[in-house]
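Good morning, and thank you for coming. I would like to take you through one structure, from its sheet to its pockets and its salt bridges.

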Amino acid sequence: MRGIAYISLLLAVGCDLASTADFGDIPAESRLSIAGLKTLCDGRTSVTVTRDAIIRGQVVANDLYGEFDREIMIQDPSGGISVALEGENLAERFSFGTEVEVRCNGLVLRDYGGKIELGAAPDPYGNTTIPAEEIDRYVRMLGQSETPPRSRDLTFGEVTSEHIDTRVRFRNVRFIESGAHWCDTDPETGRVTTTEREIVDTKGNRFTVRTYRGCSYATETLPEGTGSLTGVIDYFGGKFSLRVTFHEMEFPSESQR
C-alpha cells in the first residue's frame, strides 16, 4: 500500500490548524447527522439551508493525490457527504481523519445526478465551492479523532445509497483492463481524461472504478493480479462507482515497488 506513510505525517498538521472561528454554543436541536441533513434536499434539485444546522464528521477524502478537485468528503456513522471548498492543497488543512464541524446555515444542498452535495450558491460562473475566504465561517476543525475513519468491507452487491461518499474496501478483485493506465489520454489533444475502468470479483461480478484526470497517478499502469482497493462510493444517474482515495491498494505487484 503506497502513500499511507505520508498521510501519517499530515495527521499532526490537522491538529495544529484548528479554526479560530467562534461557532458559539450549539443547541442540541441544531446538530444533525449527515443523513439527516441530506433529507432537507429530498426530492429537490437544490435547497438553501435556512436553519441553524451543524454536522460533524471525519475527513475521508481530499486532494492529497489529486484524486478530488476542490472538495473534501466527510463521514459520520450515518453516511457521508461531499463539501465543495475553493482552493488547492486542501489536504494540508483537512488531512485524513481530521474531525470537522460544518455550520450549514446559508449553504446549499444540491442533488447532482442523484447524489446530494454541500456547497455555496452558484456564482456568475456556475461555481458552487465555498470561497476560500469564507471557509472559516462555515467549517471548524476539531483535530484528529482518537479513532480513525472506518472503512467497510463490502461486496459489489452490498453497495447501496447509504454508502455514497463513505469509505469502503473491496477485497479479492482485479482490473479487467490489464496493462491499461488509470486514465486514458485524448489522442487529439494529448490531455489526460477522467476515466472509468472495471474491476471483477471472484464470482465474475463487475464494478466501476472512476479516476479523476488530475490525480497524481493518472498515467500509471493499473495494478496486476488480485488485491484490494479502498475508496469512497460515488453515484451518478443510477450508477455506483468507486473512487480510490490516498492511492490505497494492496496488490502483489504494488507491494514490491
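Let me begin with a definition: a residue is called buried under 20% relative accessible area, exposed over 50%, and partly exposed in between, with a 1.4 Å probe and protein chains only. By this rule Arg197 is buried, because its relative accessible area is 8%. Please keep in mind that this is a predicted model, in which local features need pLDDT of at least 70, side-chain atom pairs count only at pLDDT 80 or more, and totals for chains, interfaces and linings use all residues. Residues are numbered from 1 along each chain as its sequence is written, and side-chain values use heavy atoms, with hydrogens and water left out.

I turn to the sheet. Strands (E, at least two residues) and helices (H or I, at least four) are DSSP runs, numbered from the N terminus, and two strands pair if DSSP finds at least two bridges between them. Eight strands form an open sheet with mixed pairing, in the order β1-β6-β7-β4-β3-β2-β5-β8. At the edges stand β1 (46-48) and β8 (139-144); each has a single partner strand, so one side of each lacks a neighbour in the sheet. Within the sheet, β4 and β7 (residues 115-119) pair in the parallel sense over two bridges, and Ser82 has Glu117 in β7 as its bridge partner.

On a 1 Å grid over the protein atoms alone, a pocket is an open set of points with protein on both sides within 12 Å along at least five of seven lines, and lining residues have an atom within 4 Å of a point. A volume is the space filled by probe spheres set on the points, which are joined across faces, edges and corners. The largest pocket has a volume of about 820 Å³. It is lined by 29 residues, and those closest to its centre are Glu71, Arg110, Tyr112, Glu117 and Arg243. The largest share of this lining, four residues, comes from β7.

The second largest pocket has a volume of about 330 Å³. Its lining has 18 residues, with Lys38, Gly114, Ile116, Ser161 and Ile164 nearest its centre. Here α2 (34-38), β4 and β7 each supply at least two residues.

Next, the salt bridges. A salt bridge is a side-chain nitrogen of Lys or Arg within 4 Å of a carboxyl oxygen of Asp or Glu. How many does a search of the whole structure find? The search finds 22. One of them joins Lys115 to Glu117, with the closest N and O atoms 3.9 Å apart, and both residues are buried. Another joins Asp184 to Arg197, where the closest N and O atoms are 2.6 Å apart. This pair links distant parts of the chain, as Asp184 is in β11 (residues 184-185) and Arg197 in β13 (residues 195-200), 13 residues apart. Asp184 is partly exposed, because its relative accessible area is 35%. Salt bridges that share partners also join Arg110, Lys115, Glu117, Asp165, Arg210 and Asp234 into one network.

Finally, a point about the backbone. Most residues other than glycine have a negative phi. Asp165, however, has a positive phi near 65 degrees. Asp165 is found in the loop between β9 (152-153) and β10 (167-175). Is Asp165 buried or exposed? Asp165 is buried, because its relative accessible area is 0%.

Definitions and conventions: 1 Å grid on protein atoms, 1.4 Å probe; cavity = no way out; pocket = protein on both sides within 12 Å on 5 of 7 lines; lining within 4 Å.
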